[in-house]
Amino acid sequence: MALGEKDWLACCGSVKFAQEMVSAGPFSNYQEALNAAKDIWFNKVDVFGWLEAFAAHPQIGESPSQNHKSPISAQWSKGEQSTALATATDSTLQELYEWNARYREKFGFVFLIFASGRSTPEILAELKRRYQNRPIVEFKLAAEEQMKITELRLSKLFPANTTDISTTKIPHATDVTKAGEDRVSIIGGHLTATNETPAIKPSPTFTRTRPPITTHILDVARGAPAAGVEVRLETWEKDDQARPLFGQTDSGCWKLEGCSTTDKDGRSGQLMKMTDDLNPGVYRISFDTGKYNPDGFFPYVSIVFEVRESQKWEHFHVPLLLSPFSLSTYRGS
């Protein structure tokens, strides 16, 4: 069955996705198209394509997005939200509007969920739950929800080859292909590898197996570690001032602890000597992002943080999520 770019854009608002589907086609049946769609979405469409597809969706409870590239897509969105609209009240719609705005402010894109068959209270509860996620976790979940929506819409293009699932709620944990799991998990896997267990204050006899401060960088645009980036770790040292102040010149007040360059896994190696108890104080870790990507927005990035006396036994992992459009960091203990 030969379909054009507009047909695929109705299923997913990424131009790259639509172009790749045209190149991969024609498809003789729904399953062939679905297998190709999963491979293309998770392995060939980059982060910009994901965001483009997200932007093509209206917020739950609102009119079609101005960024939709297909009248059919707008019509399908309205149908997919029919259960939510039918179960909404003025108060739940207002609450949904407020949480949608809060979500977009935090994550930078519309809240995306497979809405077919879901009530407004159910969607609202899920929105509140996912709002607590770290940005990188939520980005992965949004990509998976997009694939569920695409799967439903593909079935509309191949009505003779598949049962109609337009009124059937696909389970939240719908599996994706192995290749797709690899594509979306590479980002989250790097960030959670050093944060699997909570920090527990050890006894004074504890001996570390790694330096107390570590870092690595992930290039979100490529979905891969960023290798070859110079990293510097410094400590604040000024006798008459315990910590740097915003807007105040601090030249000459930082002492270099160590520097390194990220390896193929995006990790910087040892930035400071091994020690059981980390000296409390203010630390600055800097990344030469300008050299890594001369055309990028950030010539360099510095993150300043303070370690308290009560935290000197903890491990501080400060990864950097780097993309041409944003930066994100979090502290993993």
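A search of the whole structure, which is a predicted model, finds 13 salt bridges, a salt bridge being a side-chain nitrogen of Lys or Arg within 4 Å of a carboxyl oxygen of Asp or Glu. Because the model is predicted, local features need pLDDT of at least 70 and side-chain atom pairs count only at pLDDT 80 or more, while totals for chains, interfaces and linings use all residues. Residues are numbered from 1 along each chain as its sequence is written, and side-chain values use heavy atoms, with hydrogens and water left out.

One of these salt bridges is formed by the side chains of Glu95 and Lys128, with an N to O distance of 2.6 Å. This pair links distant parts of the chain, since Glu95 belongs to helix 7 (residues 90-107) and Lys128 to helix 8 (residues 120-131), 33 residues apart; helices (H or I, at least four residues) and strands (E, at least two) are DSSP runs, numbered from the N terminus. Glu95 counts as partly exposed because its relative accessibility is 26%, where buried means under 20% relative accessible area, exposed over 50%, and partly exposed in between (1.4 Å probe, protein chains only). Lys128, with a relative accessible area of 30%, is likewise partly exposed.

Helix 7 also holds Lys106, which is partly exposed at 34% relative accessibility. When its neighbours within four places in sequence are left aside, Lys106 is in contact (heavy atoms within 4.5 Å) with Tyr131, Gln132 and Asn133. The C-alpha atoms of Lys106 and Tyr131 are separated by 8.2 Å, although the two residues stand 25 residues apart along the chain.

A further salt bridge, at 3.9 Å from N to O, brings together the side chains of Glu122 and Arg118. Glu122 is partly exposed at 31% relative accessibility, whereas Arg118 is buried, with a relative accessible area of 5%.

The side chains of Glu306 and Arg243 meet in a salt bridge of 3.0 Å, N to O. Here too the pair links distant parts of the chain, with Glu306 in strand 7 (residues 301-307) and Arg243 in the loop between strand 4 and strand 5, 63 residues apart. Both count as partly exposed, Glu306 at 27% relative accessibility and Arg243 at 42%.

Asp239 gathers with Glu237, Asp240 and Glu257 in a patch of negative charge on the surface. Such patches are made of residues with over 30% relative accessible area and no salt bridge, like charges being joined within 9 Å.

Another local feature concerns the backbone, where the peptide bond from Gly25 to Pro26 is cis, with omega near 0°. Pro26 is found in the loop between helix 2 (15-24) and helix 3 (30-43). In general, most peptide bonds are trans.

Across the protein chain as a whole, there are eleven helices and ten strands, and buried residues make up 47% of the 333 residues. Among contacts between residues at least 6 apart in sequence, 70% join residues at least 24 apart. The accessible surface of the protein chain, calculated by the Shrake-Rupley method with a 1.4 Å probe, comes to about 16,500 Å², of which 51% belongs to carbon and sulfur atoms.

Terms used: Patch = residues over 30% accessible without salt bridge, like charges linked within 9 Å, V, L, I, M, F, W, Y side chains within 5 Å. Lys, Arg positive; Asp, Glu negative; His and termini not counted. Charge placed at Lys NZ, Arg CZ, Asp CG, Glu CD.
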